[in-house]
Amino acid sequence: MAGNLLIVHGGGPTAVINSSLYGAIRQAQDCPLVDRVYAAIGGTGGLLKEKLRDVTDLPDAELRGLLSSPASAIGTSRDALEAPEYEAMVPILEKYGIRYVLMNGGNGTMDTCGKLYARCAERGINVIGIPKTMDNDLAITDHSPGFGSAARYMAGSVAEVCCDVEGLPIHIVVVEALGRNAGWVTAAASLATDSYAHGPDLIYLPERAFKEEEFLCDVEQLIKTKGHGVVVASEGLHYADGTPIVEPIFTVGRATYFGDVSAHLANLITKKLGYKARAEKPGLLGRASIAWQSDTDRTEAELCGRAAVDAVTTGQSGKMVALRRVPGPNYRCETFLVDIQEVMMTERKLPDEFINARGNNITEAFKEWCRPLIGAPLPKLMDLRP
């Protein structure tokens, strides 16, 4: 039985969320079980306000621009939803003849996906999740679309910072990375050595409790041996009791606006060690950069969008599309489905084998795991000094 399909974006955008949107729209356009394709303008809030755009007849020549457009082309949201909002969604879906719903997002969105599925299960409406998060903290899936591009940005940008610091070796630079409570994006800075001989000297992750004395000891040793260097730190650094090392500026539900961790650490270096230090905080620049978009990430994001349409139109519901690696000499991923209950609000952290014993850097095992995800080889940065 044919019906209409709705695509909803949720949470922070990425460099490839629009690639999943492209894949979903194109697959739905070609599917005989889909009559019309709608996009919620502004996430779940747009759905509740019935701000739906019919994208069924958009030509491929126009839609292909999504593949190279950052952020969300249909708008996303972080709405705090309660039972009444979920109940209100069902009659809206029925009003527009929507039998298929695709929720594209991260942890919070998969929680929304699961709760909407529970209310739609007896109403003949199928609900499927499409993974998306640059934080890479969704459970079960090998990795999430959005992470590969954020990792590429981090590796390439930190390589450029390292190049700058080596060129004028007079200070310590602290680079702050996004990623909330998981250190995947921070760890990706280690791949800077694929681009430049001198990578980051120290990397601090939220998977390890921050110890100020150890940090200052590490930096002091760096100053003694090199006289300069680059430190990469996660925005989510915290002490052993879970307290953030810098008080968050603003917190609403799961949305936390972290304080300036890099500035705090740079000030510590200057005040406690008496050495020049400065802070860099890429912030949103690293979340949805098309200039640093990974071609692998883009391809897999589109694949997930297409797989979601195939799943939802063949009777699947209450599941999320996930990625797993296909064994073999060359990197390749395939999609599979996982029950939404297994990923709802479950946070995936960096495993111990990816973190060195001291807790201030990354292992080669992580680099080998992450390297295929950032796509084409990074540009090689020259250094003519002996």
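Student: Buried means under 20% relative accessible area, exposed over 50% and partly exposed in between, with a 1.4 Å probe and protein chains only. With that settled, which residues of α5 are buried?

Tutor: They are Asn107, Thr109, Met110, Asp111, Thr112, Cys113, Gly114, Leu116 and Cys120. Helices (H or I, at least four residues) and strands (E, at least two) are DSSP runs, numbered from the N terminus. Please note that this is a predicted model, in which local features need pLDDT of at least 70 and side-chain atom pairs count only at pLDDT 80 or more, while totals for chains, interfaces and linings use all residues. Residues are numbered from 1 along each chain as its sequence is written, and side-chain values use heavy atoms, with hydrogens and water left out.

Student: What do the buried residues of α5 pack against?

Tutor: They pack against α2 (43-48), α4 (83-95), β4 (98-105), β5 (126-131) and β12 (319-325). Contact here means heavy atoms within 4.5 Å.

Student: Which UniProt annotation covers Asn107?

Tutor: The unreviewed UniProt entry places a "binding site" annotation on Asn107. UniProt positions follow the numbering used here, feature names are shortened, and annotations may be inferred rather than shown by experiment. Asn107 belongs to helix α5 (residues 107-120), and it counts as buried because its relative accessibility is 3%.

Student: Changing topic: how many aromatic pairs are there?

Tutor: The search of the whole structure gives 12. Rings of Phe, Tyr and Trp (its six-membered ring) pair if their centres lie within 6.5 Å; planes under 30 degrees apart count as stacked, over 60 as edge-to-face and the rest as tilted. One of the pairs is Phe147 with Trp369, whose ring centres are 6.1 Å apart and whose planes lie at 40°, so it is tilted.

Student: Why does that pair tie together separate parts of the chain?

Tutor: Because Phe147 lies in helix α6 (residues 147-167) and Trp369 in helix α11 (residues 364-370), parts that are 222 residues apart in sequence. Phe147 and Trp369 are both buried. Together with Trp184, Phe354 and Phe366, they form one aromatic cluster.

Student: What about Tyr204 and Phe215: how do their planes lie?

Tutor: Their planes are at 70° and their ring centres 5.3 Å apart, so this pair is edge-to-face. It links strand β7 (residues 202-204), which holds Tyr204, to helix α8 (residues 212-225), which holds Phe215, 11 residues apart. Tyr204 is buried at 7% relative accessible area, and Phe215 is buried at 1%.

Student: Next, the cysteines. How many disulfides does the structure hold?

Tutor: It holds 0 disulfides, a disulfide being a pair of cysteine sulfur atoms within 2.5 Å. For Cys333, the nearest cysteine sulfur is that of Cys304, 8.7 Å away.

Student: Is Cys333 buried or exposed?

Tutor: Cys333 is buried, because its relative accessibility is 11%. Cys217, in contrast, is partly exposed at 42%.

Student: Lastly, in what sense do β1 and β2 pair?

Tutor: Strand β1 (residues 3-9) and β2 pair in the parallel sense over 4 bridges; pairing requires that DSSP finds at least two bridges between two strands. Leu6, in strand β1, stands opposite Tyr38 in β2. Leu6 has 0% relative accessibility and counts as buried. Strand β2 (residues 34-40) has 5 of its 7 residues buried, so it is largely enclosed by the rest of the structure.
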